[in-house]
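Try each task before reading its solution.

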Amino acid sequence: MPGAALPGRPPATDDQGVSRTPHPGGLLALAVAALVLLTLLPGAAAAQALRFGAWTPNDPYDGNTTGAETLESQTGRHVDIVNWYQNWGGGDWISTVQNPVVGAVTNGGRTPMLTWEPWAPGGGIDQPRYRLARIADGSFDAYMSTFAVALAATGSPVYLRPMHEFNGDWYPWGGTVNGNSAALYVRAWRHMVDVFRGAGADNVRFVWSPNNVDVPANNRLEGYYPGDGYVDVLAVDGYNWGAGKPEFGGWQSFSELFKPAYDRLRKLGPQPIWIAEVGTSADGGDKAAWIRDMFARARGMDRLDAIVWFNENKERDWRAAPTPQIAAAFAPAGDASPAAASPAASRVARKLSPKLALTLTRGARAGGRASIRWRASHAGSVVRWHAYLNGRRIRVASRTTARTASTRIARAGSYRWRIIGRNAAGRAIVSAGRSFRVTR
């Protein structure tokens, strides 16, 4: 639907937009059996593995992920994936690979997802220069090859999401506009992947991302599928626009938005499934309850690997934390069951969420040392700590209950510490950051 596509522009491209009572011993046996069964259920596995990501304005265009870090501190949920948008038309800052931008994501231990858009923002839907036929016939090979080589040079896995929401009619690469077709989309996609492979960009993973609703209804997403060998992640975008936008579906639950599309994606290929863009309005319902329900329903979606939130106040206030009550709905402890929807459960979730208390060295000067010390609460599942200073890994020292990291600073300027606690599986479960300046 058109509205699902409107959120998605970087600032510079924002133009549109389970009788009888058992014996007590039997109860214990049943409990153990249930626990074992729970760990084997696909839904339970999905809940443990589910990653969370976000698009936050200005991240990582400014060479940092301050927005993601702020979102983490507001919600208590780690941001594993950072999404951002770049278009083909425009200045070099937006149309080419910027190493500080990619590095801002990867150096902090996060996964980059770059949404890549072949168009010139402001030029409308009919843009002959960016027709799918021209991408398929090689007209953009030089540009794509240069982009591929630059991404390969980053040396880190990058998830590239080109030409998203193609089964709609609001982008120049849509199959029903600008002289395009579903068949041309498949040709253009395969050609693009071949160019990247030819350039040695083996670190690039391709994310194929339709809209959750076909627009028009006969413009079915299945017709655009380029094949298992050309897609690394199956994704989908969708938004709950709220009661004030009946033309975009009105108020819809998470299941209403995503279950039909999710079932269709499962039939297409074996790849992991991501929700690449999602947000909800507060118009016509309880936004916090909607978010808690999202995570609860996600537990039953065995192929769902990630949810990426669109964290911007735009056509609707999609932000994850406009109020403390809404922010609390994202707390990881709220994933356990729908019972977490009560206000009391939300308060408990906030109290039991892992937290870090950071202490900085005062008056750091060039040529001296900068140090940080931290203490953690409700973080018993953390088995190792990572510390980064401006993206560079710093050795961590343990001193009983407190931990420290220290390094020599050569130059004056702005610096930022980032502390991440990881569990036995290597997943980040708590993080925090602090900025400071070094004087001469």
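**Exercise 1.** Find the bridge partner of tryptophan 55 in S8.

Solution. The partner of tryptophan 55 is phenylalanine 310. This is a predicted model: local features need pLDDT of at least 70, side-chain atom pairs need 80 or more, and totals for chains, interfaces and linings use all residues. Residues are numbered from 1 along each chain as its sequence is written, and side-chain values use heavy atoms, without hydrogens and water.

Now widen the view. Strand S1 (residues 51-55) and strand S8 (residues 304-310) run parallel and are joined by five bridges. Strands are DSSP runs of E with at least two residues, helices are runs of H or I with at least four, and both are numbered from the N terminus. Two strands pair if DSSP finds at least two bridges between them.

**Exercise 2.** What do the eight strands form?

Solution. They form a closed barrel, in the order S1-S2-S3-S4-S5-S6-S7-S8, with parallel pairing.

**Exercise 3.** Describe how H8 and H9 pack.

Solution. Start with the geometry. H8 and helix H9 (residues 182-198) pack at about 50°, with axes 8 Å apart. Axes are lines fitted to C-alpha atoms, for helices over the stretch in contact, and angles run from 0 to 180 degrees between N-to-C directions. H8 is therefore oblique to H9; angles under 35 degrees count as roughly parallel, over 145 as roughly antiparallel, 65 to 115 as roughly perpendicular, and the rest as oblique.

Next, list the contact (heavy atoms within 4.5 Å). H8 contributes residues including Met144, Phe147 and Leu151, and H9 contributes residues including Met192 and Phe196.
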